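These entries record what I looked up, in the order in which I looked.

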Amino acid sequence: MSHMRTHSRNSLFLAELILALCFLALVCAGCIRLFAAAYLDRTEAQRLNYIRENTVRAGELLEGWNADPDQLALLFPEASMEDGSLVVSFDRKWTVTGPENAFYFMRLTPQVTETVKGGLLSFTDAEGKALYSCEIRYPLLHSEEKGGPEA
């Protein structure tokens, strides 16, 4: 009589286990990419929220500004002057800091004409990459136009 050889069930189980582990590795790689993308989106959203908050703050201060360059420096006491622009330095957590520890910069370049006051506001990172920029303008009202006492 001839012996019939049967394959061991262990090798079939081992092949099935290897296939299951490969599938699990592929699923884990997809999940890691998904979590990494979510983290990057969250940090970008946080950065844009801080930029929005500081843009609104700068806009509100410019609205009440009387177009005097000396008064503008008083409205932004944490800023330093560079080439006619006010520069505010922020660290990674958007806390105002000195330029040596800065990770983000807000630059406000005032622009005043006969009828308009405002400025060009821009945000950059430490490498100089532009993150956001906008121009803020308000009508420049003189004291007689505001309804104040006439001379």
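**Entry 1: an aromatic pair**

I began with Y132, which is partly exposed, with a relative accessible area of 35%. I note at the outset that the model is a predicted one. I then looked up the partner of this ring and found that Y132 forms an aromatic pair with F123. The pair is tilted, with 45° between the planes and 6.4 Å from centre to centre. F123 is buried, at a relative accessible area of 0%. I wrote the two values side by side: F123 falls in the buried class, whereas Y132 is partly exposed.

**Entry 2: the other rings**

I next asked how many aromatic pairs the structure holds. The count is 6 aromatic pairs. One of them joins W94 and Y104 and is stacked, with 10° between the planes and a centre-to-centre distance of 4.2 Å. W94 belongs to the loop between β2 and β3, and Y104 to strand β3; the two are 10 residues apart, and the pair links distant parts of the chain.

Are W94 and Y104 buried or exposed? W94 is buried, with 9% relative accessible area. Y104 is also buried, at 8% relative accessibility. I recorded the cut-off here: a residue counts as buried because its relative accessible area is under 20%.

I then looked up which residues make up the aromatic cluster. Y50, F90, W94, F103, Y104, F123 and Y132 form one cluster. At F103 I noted a further feature: the charged end of R92 sits over the ring of F103, at 3.9 Å from its centre.

**Entry 3: the sheet**

I turned to the strands. The model has an open sheet of 5 strands, in the order β1-β2-β3-β4-β5, and their pairing is antiparallel. As background, I noted that strands of a sheet pair through backbone hydrogen bonds, either parallel or antiparallel.

Which strands lie at the edges of the sheet? The edge strands are β1, residues 80-82, and β5, residues 130-139, and each pairs on one side only. Neighbouring strands are turned against each other by 25° on average, direction ignored.

I then examined the pairing of β1 with β2, residues 85-90; the two strands run antiparallel and are joined by 3 bridges. E82 stands opposite S85, which is in β2.

I also asked which strands helix α1 touches. Helix α1, residues 9-64, packs on the sheet and touches β2, β3 (104-112), β4 (116-125) and β5. The direction of helix α1 makes about 20° with that of β5.

**Entry 4: E63**

E63 is placed in helix α1, and at 49% relative accessibility E63 counts as partly exposed.

Which residues does E63 contact, leaving aside its neighbours within four places in sequence? The contacts are with K117 and Y138. I also looked up P139: the C-alpha atoms of E63 and P139 are separated by 8.7 Å, while the two residues are 76 residues apart along the chain.

**Entry 5: salt bridges**

E44 forms a salt bridge with R47, and their closest N and O atoms are 2.3 Å apart. Both residues lie in helix α1, 3 residues apart, which is about one turn of the helix. E44 is partly exposed, with a relative accessible area of 31%, whereas R47 counts as buried at 19%.

R57 forms a salt bridge with E78, with 2.9 Å between the closest N and O atoms. R57 lies in helix α1 and E78 in the loop between α2 (69-75) and β1, so the pair ties together parts that are 21 residues apart in sequence. R57 counts as partly exposed at 30% relative accessibility, and E78 is partly exposed with a relative accessible area of 27%.

R107 and E82 meet through their side chains in a salt bridge of 3.3 Å, N to O. Why does this pair tie together parts that are 25 residues apart in sequence? The reason I noted is that R107 lies in strand β3 and E82 in strand β1. R107 counts as partly exposed at 30% relative accessibility, and E82 is partly exposed at 33% relative accessible area.

Technical notes
Residues are numbered from 1 along each chain as its sequence is written. This is a predicted model: local features need pLDDT of at least 70, side-chain atom pairs count only at pLDDT 80 or more; totals for chains, interfaces and linings use all residues. Side-chain values use heavy atoms; hydrogens and water are left out. Two strands pair if DSSP finds at least two bridges between them. Helices (H or I, at least four residues) and strands (E, at least two) are DSSP runs, numbered from the N terminus. Axes are lines fitted to C-alpha atoms, for helices over the stretch in contact, and angles run from 0 to 180 degrees between N-to-C directions. Contact means heavy atoms within 4.5 Å. Rings of Phe, Tyr and Trp (its six-membered ring) pair if their centres lie within 6.5 Å; planes under 30 degrees apart count as stacked, over 60 as edge-to-face and the rest as tilted. Buried means under 20% relative accessible area, exposed over 50%, partly exposed in between (1.4 Å probe, protein chains only). A charge sits over a ring if NZ of Lys or CZ of Arg is within 6 Å of the ring centre and within 35 degrees of the ring normal. A salt bridge is a side-chain nitrogen of Lys or Arg within 4 Å of a carboxyl oxygen of Asp or Glu.
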